[in-house]
Amino acid sequence: MTLSVRKVAAVAVLGAALTGCGGGAGAPQGAGQARMGTPAASGPAHASAPAPPSASAASPQAGAPAQVPTLAPGPGGLTPVFERARQRTEKTVALTFDADMTSDQGPRAASGERFDNPELIDALRRLKVPSTVFMTGRWAEEYPDQAKAIGTDPNFEIANHSYSHHAFKSPCYGLPALDAPAARADVERAFAAFKKAGAVNTVPYFRFPGGCYDDQALRALAPAKVTAVQWDVVSGDAFAKDPDAVAEQVLAGVKPGSVVVMHCTHSAAPVTGQAIEKIVPELRKRGFRFVKVSELMGK
């Protein structure tokens with residue numbers, strides 16, 4: 001299959017993607033935002049090498065894989081940030097899916113709005129695509145059976161996307177902001193929600209809501225001993241209606257070692273599953289192998 005690449009305005013696409021990650025609230029912010037995995041402040045983009053396995057590198061979830069790669073802390077102990085593999089010749093790519101739900105969206109779910117996307121998860125299983133799901137704790141509470149099913153399937157690993165999906169830096173696409181003590185507690189609450197749901201394949205990785213962070217956020221997150229994970233390819237699936245356009249954008253951006261950000265939220269990203277049906281066979285045709293973030297980080 002050969003797909004032509006549509007020209008999409010980068011700023012508009014990124015704004016749509018991150019606004020989708022924010023539940024549709026607010027407009028893209030200009031100054032001070034981290035875009036496509038680039039820190040807004042002077043914090044390190046990533047540490048020089050993966051840290052050796054240690055007790056602190058183990059997943060916070062009992063029963064999870066005993067050791068997974070993490071990055072060494074940055075200067076002053078700042079939380080390290082991973083964007084893509086250091087080894088950029090092997091054709092590996094990580095598809096990541098943000099399972100977003102903010103702490104105040106329970107009434108919308110109760111009224112029938114779908115923040116889950118089991119059809120997408122089924123497609124990933126059928127296509128045998130190892131994937132990393134960045135899940136909010138509130139999503140795990142709303143869909144505990146799905147959180148457990150994803151978190152006990154060796155095809156997947158669950159990473160932390162906060163509990164509340166509030167911002168760790170302000171401004172951030174209209175999201176309410178957390179102070180430093182609340183930020184760490186929010187991360188710990190999410191891990192607790194995964195454990196309560198019965199997920200065991202959890203990893204000590206974290207994705208900032210909206211992708212927004214600075215040195216202060218990295219410092220606040222440091223006691224949680226996680227590696228922050230950004231991305232280098234924006235799928236544009238948030239609020240998209242054309243799966244072909246999403247597929248074309250991903251295929252145009254993927255390079256060896258890429259991390260692709262997508263969504264596992266039917267109401268905000270309804271065509272992601274259809275896009276996957278086009279993305280996966282085409283990338284395999286090009287010689288790419290799909291891996292979880294944990295494998296990519298170890299390269």
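This is a predicted model: local features need pLDDT of at least 70, side-chain atom pairs count only at pLDDT 80 or more; totals for chains, interfaces and linings use all residues.
Residues are numbered from 1 along each chain as its sequence is written, and side-chain values use heavy atoms, with hydrogens and water left out.

Of the 299 residues, 57% are buried. Buried here is under 20% relative accessible area, exposed is over 50%, and partly exposed is in between, with a 1.4 Å probe and protein chains only. As for contacts, meaning heavy atoms within 4.5 Å, take those with a separation of 6 or more: 81% of them join residues 24 or more positions apart.

Back to the helices. Two packed helices are described by the angle between their axes and the distance between the axes. The axes are lines fitted to C-alpha atoms, over the stretch in contact for helices, and angles run from 0 to 180 degrees between N-to-C directions. The crossing of helix 3 and helix 9 is right-handed, which is to say the near helix is turned clockwise from the far one by less than a right angle, with anticlockwise being left-handed.

Who makes that contact? On the helix 3 side you have Leu120, Ala123, Leu124 and Arg126, and on the helix 9 side Thr272, Gly273, Ile276 and Glu277. The residues of this contact of helix 3 with helix 9 split into 4 nonpolar, 2 polar and 2 charged. For the bookkeeping, Ala, Val, Leu, Ile, Met, Phe, Trp, Tyr, Cys and Pro are nonpolar, Asp, Glu, Lys and Arg are charged, and the others, Gly among them, are polar.

Helix 9 has another partner, helix 8, residues 243-253: the two pack at about 35° with their axes 8 Å apart. Helix 8 and helix 9 also make a right-handed crossing. From helix 8 come Pro243, Asp244, Val246, Ala247, Val250 and Leu251, meeting Gln274, Ala275, Lys278, Ile279, Glu282 and Leu283 from helix 9. The residues of this contact of helix 8 with helix 9 come out as 8 nonpolar, 1 polar and 3 charged.

Now the core. A nonpolar core is a set of buried Ala, Val, Leu, Ile, Met, Phe, Trp, Tyr and Cys residues joined through side-chain atoms within 4.5 Å. The largest has 60 residues, and the members touching the most others are Met135, Trp139, Phe208 and Ile276. Helix 6, residues 180-197, gives the most to this core, with 7 residues. Apart from it there is another core of 18 residues, including Ala85, Tyr205, Val229 and Val291.

Most residues other than glycine have a negative phi, and most peptide bonds are trans. Ser170 and Pro171, though, are joined by a cis peptide bond with omega about 5°, and Pro171 sits in the loop between strand 6 (156-160) and helix 6. Ser162 is in that loop between strand 6 and helix 6 too, with a positive phi near 85°. Buried or exposed, Ser162? Buried, because its relative accessibility is 0%.

Lys128 also has a positive phi, near 55°, in the loop between helix 3 and strand 5 (131-135). Lys128 is exposed, at 62% relative accessible area. Leaving out residues up to four places away in sequence, Lys128 touches Asn155 and Arg284.

Last one: Asp237, in the loop between strand 9 (233-234) and helix 8. Asp237 is buried, at 0% relative accessible area. Beyond four places in sequence, the contacts of Asp237 are Val246, Met262, His263, Ala268, Ala269 and Thr272. That's me done.

Technical notes: Helices (H or I, at least four residues) and strands (E, at least two) are DSSP runs, numbered from the N terminus.
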